Amino acid sequence: MRKSLIWLIVASALLLTIGVGVTVALLVASSNPVVNTFTVGGVDITLTETTTEYKMTPGVTVAKDPTVTVLANSEKSWLFVKVEKENDFDTFCTYEIQDGWIALEGQTGVFYKTVEKSSANQLFPVLKNNSIHIKDTVTEEQLNGVTVNPTLTVTAYAAQIDGLATPAAAWQVLNP
């Protein structure tokens, strides 16, 4: 009887060990790996203009067409233009910025817009009606007195919008 009892205890212990082992085996699992691939995004722009030299004739509107192109597949971005007037430009000429550009607060001559990602090139004219106007009030005496020609310089900038929550933050990165 004692032998039977020992065998019964050994058999019970063996069954308990096997049962725990199966339970542990049933509670263990693994998954397939998840591979994260990080690609490089980009923002590509060009700035073009048909003509860059003009004759000043009072009262004449002159074709001037600086155009920023955001190239296909560029990431969503902040797009900026900086328009700088030099050498008494305002004495002789006027212009307006094309609709859709927003003046950047606290920055003279800086305008921006947001541009969505697109599979096609996107064109953004800078000047309204692609022109500047020579003031009617300009006199021959003023023109003869010009020693340094007035200039209007347009520069374009772009920054991917991700990580730059505001246009001011983007401008700070582009032009600190």
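Biologist: Why does Asp90 count as partly exposed?

Modeller: Its relative accessible area is 42%. Buried means under 20%, exposed means over 50%, and partly exposed is in between (1.4 Å probe, protein chains only), so at 42% Asp90 counts as partly exposed. Bear in mind that this is a predicted model, where local features need pLDDT of at least 70, side-chain atom pairs count only at pLDDT 80 or more, and totals for chains, interfaces and linings use all residues. Residues are numbered from 1 along each chain as its sequence is written, and side-chain values use heavy atoms, with hydrogens and water left out.

Biologist: What makes Lys85 and Asp90 a salt bridge?

Modeller: The closest N and O atoms of Lys85 and Asp90 are 3.1 Å apart. A salt bridge needs a side-chain nitrogen of Lys or Arg within 4 Å of a carboxyl oxygen of Asp or Glu, so the pair makes the list. Lys85 is partly exposed too, at 39%.

Biologist: How many salt bridges does the structure hold?

Modeller: Five. One of them joins Lys76 to Glu116, with the closest N and O atoms 3.5 Å apart. Lys76 sits in the loop between S3 and S4, and Glu116 in the loop between S7 and strand S8 (122-125), so this bridge ties together parts 40 residues apart in sequence. Strands here are DSSP runs (E, at least two residues) and helices likewise (H or I, at least four), numbered from the N terminus.

Biologist: How do you know that Lys128 and Asp99 pair up, and what does that tie together?

Modeller: Their closest N and O atoms are 3.6 Å apart. Lys128 lies in the loop between S8 and S9 and Asp99 in the loop between strand S5 (93-94) and strand S6 (102-103), so parts 29 residues apart in sequence are tied together. Lys128 has 27% relative accessible area and is partly exposed, while Asp99, at 51%, counts as exposed.

Biologist: And the inside? Which residues touch the most other members of the largest nonpolar core?

Modeller: Of its 22 residues, those are Leu79, Val81, Val83, Ile97, Trp101 and Val126. Elements that each supply at least two core residues include strand S4 (77-86), helix H2 (89-92) and strand S10 (151-160). Why call it a core? Because its members are buried Ala, Val, Leu, Ile, Met, Phe, Trp, Tyr and Cys residues joined through side-chain atoms within 4.5 Å.

Biologist: What is Trp101 in contact with, beyond its neighbours within four places in sequence?

Modeller: Its partners include Leu79, Phe111, Phe124 and Val126; contact means heavy atoms within 4.5 Å. Apart from this core lies another, of eleven residues, among them Leu104, Leu164, Ala170 and Trp171.
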